[in-house]
Amino acid sequence: MASYQAPLRDMRFVLNDVFRAGEEWAAMPDTAEVTPDLADAILEEGARVTQAELFPLNQSGDAEGCRFDAGRVTTPKGFKAAQRTLAEGGWFGLGGNPEHGGQGMPKLLTVAFEEMLYATNTSFALYPALNTGAALLLDHHAPEAVKRTFLPRMYAGEWLGSMCLTEPHCGTDLGLIKTRAVPNPDGEGCTPATYAITGSKIWITGGEHDMVDNIVHLVLAKLPDAPEGTRGISLFLVPKRKVGVDGEAGEPNGVVCGGLEHKMGIKGSATCVMHFEAAEGVLIGEPHQGLAAMFTMMNYERLSIGIQGLGLGEVAYQSAMDFARERLQSRAPNGPVAPGKPADPILVHPDVRRMALNVRAWNEGGRAFAACVAQQLDRVRFHPDEAVRDEAQDLVALLTPVAKAFLTDRGFEATVEAQQIYGGNGYCVEWGAEQYVRDARIAMIYEGTNGIQAMDLVGRKLFRNGGAYMTRFLARLRDEIKTAERSAAIDDFTQAALAEAERLERVTAELLARADGHPEELGAAAADYLNLTGHVVYAWLWWKMAVAAQAGLEGQGAAGESFYRSKLAVGRHFISRMLPRTEALERQLRAGAEPLMALSEDAFLSQG
């Protein structure tokens, strides 16, 4: 009953009208060959392959799930064939380093393909997502010999990557990990040297499965001389099967799957308990610097998981709209719109339209948000001007935790509101809506819970540098508005963005002053502050989209008059009915830590 067509027209609008991707790529030597026509061809083919190969497996994969038997994991029917099809099409290396067989496409383009993956089949999408992040980490931190051996196979989809971080006793506090790495005596003199890795990891996405014959595990462990805490963490590459000097996978490597987690959603994704039994691994990066290296992958995955929320919100919206057009129930408030039928389609009712517009506004804003962060990542990677790279790096640092948390919060909210449009049908499996809710829920939890993202934002990205990242972001927002050609037709968008920037600036100054000497104030403010920041980013991006849509109307843009008028209508719904939430967030932030800290710990445990 679910339906999905990749929103190519909106993706083209975001790429070409809002972010001027063609001009951006032409200005950077490493992306100059990526033309709008090439990008469009990639989007078209990406839409075709995800809709044809992955979407039909989504509900069946959820019903079947992964199966575990004697250390082996079998993925749902059709997953292996789909993996081969994507591998043959080169999709696993779309953004990879061309020196090792990747295609080198800019992030501004690959985020659109990621959205299609998550929208059509979130469980399957997690396998290439983890592989891309693992390959990115190796490209940044691995010795050249390791890159030459592993990256071409990972880009080709012959081997797939995973990351092995947490353990049963430590959760997010990775300084407590117990997995150990001991130098192998026979590995002395080898390049690179080898280590015996021993320990257990939990919640490992793609830790074991049947789609490829070798899985490349990136494992956090501690060397014998490791200092306590996170300063003692090192990073190791541990393949499922040992890799010989010829680069081929050989005998098993002491990597054993101990079982599958039984989960609420993403049931076609193998979430594994993994045991490393003196498995042979090689050090990636410097000793005791593993967490810093791992953040290369983790930050990629955080944006990717934000896109999971966006993709699920989009497919939930499209499916709900198909239902709403067909479902007849009651008459329109101002009289029948379908007089020959017993009732009108439910889209005539204001409350159904409220829910539909909420979902659509979150989705379209989220698509622009993902592209915004992607553009900055491209500038960090490709731009020849150091000053541009530095500014982009600051924006990436500030916006990554917001993108992960805000997009996944809104993605879950979107799937729930879309499910509500179905009424009781949405609670039943055959319509597909309840699966989107279940699959979206995990995105708020993994890759660092959204509370952890909020603490990262107020702690590392705000308090520790005195608000410098935020100051730079707000200056950019205002400068863009100041230098843009003003149009009275979209002045409501302009005033909304400027007012919200002023609100965020005011709240930021108050929080920094209140938190000086009172660290509990940061924790109390974190979630609300991230939420406020997300709303302000959306206000800015809706202004950018309004500018592009108005220009399209005045210049007969390629997307067509109906598209641009619809874009402005959805944007006005956002600024008039959704953006006012910031007023409540400001009041909540001003309440400070006292209401949260007043109740004693014992009182939480007893009502007596």
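This note comments on selected residues, helix packing and annotated segments of a predicted model.

1. Helices H9 and H10. Helix H9 covers residues 290–326 and helix H10 covers residues 350–382; their axes approach within 9 Å and cross at roughly 150°. Because of that angle, H9 is roughly antiparallel to H10, the cut-off for this description being over 145 degrees. The H9–H10 crossing is left-handed. On the H9 side the residues involved are Leu 303, Ile 307, Leu 310, Gly 313, Glu 314, Tyr 317 and Met 321. They meet a set of H10 residues that includes Arg 360, Asn 363, Gly 366, Arg 367 and Leu 377.

2. Helices H7 and H9. H9 also packs with helix H7 (residues 122–141), at an angle of about 155° and with the axes 9 Å apart. H7 and H9 are therefore roughly antiparallel to each other. The crossing of H7 and H9 is right-handed. Among the H7 residues that make the contact are Thr 122, Leu 126, Ala 129, Gly 133, Leu 137 and His 141. The H9 residues in this contact include Ala 293, Met 297, Tyr 300, Ser 304, Gln 308 and Leu 312. The reader may wish to compare the handedness of the two pairs: left-handed for H9 and H10, right-handed for H7 and H9.

3. Ser 234. This residue lies in strand E7, which spans residues 234–239. Ser 234 has a relative accessible area of 0% and is therefore buried. A polar atom of the Ser 234 side chain lies 2.7 Å from the backbone nitrogen of His 288. Neighbours within four places in sequence apart, Ser 234 is in contact with Val 219, Leu 220, Ala 221, Leu 223, Leu 283, Pro 287, His 288 and Gly 290.

4. Glu 24. Helix H2, residues 21–26, contains Glu 24. The relative accessibility of Glu 24 is 13%, so the residue counts as buried, since the limit for that class is under 20%. Its side chain makes a polar contact of 2.5 Å with the side chain of Arg 379. Apart from neighbours within four places in sequence, Glu 24 is in contact with Thr 31, Gln 375 and Arg 379.

5. Val 429. The loop between helix H11 (386–421) and helix H12 (433–441) holds Val 429. Is Val 429 buried or exposed? It counts as exposed because its relative accessibility is 53%, and the class begins over 50%. With neighbours within four places in sequence set aside, Val 429 is in contact with Gln 59 and Glu 434. Val 429 and Asn 465 are separated by 36 residues in sequence and by 49 Å in space, C-alpha to C-alpha.

6. The chain over residues 478–599 is 81% helix and 0% strand, with 42 Å between the end C-alpha atoms.

Definitions and conventions:
Residues are numbered from 1 along each chain as its sequence is written. This is a predicted model: local features need pLDDT of at least 70, side-chain atom pairs count only at pLDDT 80 or more; totals for chains, interfaces and linings use all residues. Side-chain values use heavy atoms; hydrogens and water are left out. Helices (H or I, at least four residues) and strands (E, at least two) are DSSP runs, numbered from the N terminus. Buried means under 20% relative accessible area, exposed over 50%, partly exposed in between (1.4 Å probe, protein chains only). Contact means heavy atoms within 4.5 Å. A polar contact is a pair of N or O atoms within 3.5 Å; within protein, one must be able to donate a hydrogen and the other to accept it, and residues adjacent in sequence count only if both atoms are side-chain atoms. Axes are lines fitted to C-alpha atoms, for helices over the stretch in contact, and angles run from 0 to 180 degrees between N-to-C directions. Angles under 35 degrees count as roughly parallel, over 145 as roughly antiparallel, 65 to 115 as roughly perpendicular and the rest as oblique. A crossing is left-handed if the near helix is turned anticlockwise from the far one by less than a right angle, and right-handed if clockwise.
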